[in-house]
Amino acid sequence: EYTKQSNSQFNLIRKHFKKKTRKILNISFVKAIFKEKPNAILQGVGCREDLLPTFFQKQSLNQCSPLPFIVDGYIEDKGTLSLVVRTALDSLHAPRIISWSYIYSALKAYKDLHPMSLWGLYAIY
C-alpha cells in the first residue's frame with residue numbers, strides 16, 4: 001500500500017493542497033514557471049556530489065548520494081542563471097545560490113543511476 005507511487009509524499013501534498021505540478025527540464029521552464037507563478041516552489045532530488053562538488057567529492061565512478069532540495073527563486077547575472085536552493089542539509093533560513101549547470105548535472109546523474117530513470121525536478125504551484 002505505501003510503496004505505490006500514488007502514496008508518495010509528492011502526490012499526497014499535491015492532492016491535499018490541490019496544487020498543480022509541472023516537470024522542469026531546462027532553464028526556459030524555470031524562468032517561465034516563476035514568471036507565471038511567482039509563489040511556485042521547485043522540488044528536486046539530485047546527486048549531492050554534483051550539486052555541491054566543493055563539499056562532496058566523488059570517490060568512485062557513478063557515485064551518487066541522493067539529496068532532496070527545494071528552489072524558490074532564481075538570479076540571472078550576465079547570462080548566467082543560478083537558483084536559490086535549500087537542500088535537506090541546510091537551514092531553512094540559509095539558502096544557497098547554485099548555478100543551473102550544477103543542478104542540471106546533479107539531476108541528470110540521479111536520473112541515469114535511478115532504477116526507474118526518474119527525472120527529479122518538478123514545480124509545485
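Predicted model: local features only at pLDDT ≥ 70, side-chain atom pairs only at ≥ 80, totals over all residues.

A: Residues are numbered from 1 along each chain as its sequence is written, and side-chain values use heavy atoms, with hydrogens and water left out.

Q: What makes the radius of gyration of the protein chain agree with that of a compact globule?
A: The radius is taken over C-alpha atoms, and the globule rule is 2.2 Å times the number of residues to the power 0.38. For 125 residues a compact globule would come out near 14 Å, and the protein chain has 15 Å, so the two agree. Along its principal axes, the C-alpha trace spans about 40 × 40 × 25 Å.

Q: Which elements make up the protein chain, and in what order do they run?
A: The protein chain holds four helices and six strands. From the N terminus on, their order is α-β-α-β-α-β-β-β-α-β. Helices (H or I, at least four residues) and strands (E, at least two) are DSSP runs, numbered from the N terminus.

Q: Why is Asp 77 called partly exposed?
A: Buried means under 20% relative accessible area, exposed over 50%, and partly exposed in between (1.4 Å probe, protein chains only). Asp 77 has 49%, so it is partly exposed. This residue lies in strand 3.

Q: What makes strand 4 mostly covered?
A: Seven of its eight residues are buried. Across the protein chain, 33% of the 125 residues count as buried.

Q: How do you know that strand 2 and strand 3 pair?
A: Two strands pair if DSSP finds at least two bridges between them. Strand 2 and strand 3 (residues 66-77) are joined by six bridges and run antiparallel. Leu 42 stands opposite Val 71 in strand 3, and Gly 46 has Leu 67 as its bridge partner there.

Q: Which strand is joined to strand 2 (residues 41-47) by four bridges?
A: That is strand 6 (residues 121-124), and the two run antiparallel. In strand 6, Ala 123 is the bridge partner of Leu 42.

Q: What joins strand 3 to strand 4 (residues 80-87)?
A: Eight bridges do, and the strands run antiparallel. Ile 70 stands opposite Arg 86 in strand 4, and Ile 75 has Ser 82 as its partner there. The two strands form a hairpin with two residues between them, and Lys 78 in the turn has a positive phi of about 55 degrees.

Q: How many bridges pair strand 4 with strand 5 (residues 96-99)?
A: Four, in the antiparallel sense. In strand 5, Arg 96 is the bridge partner of Val 85.
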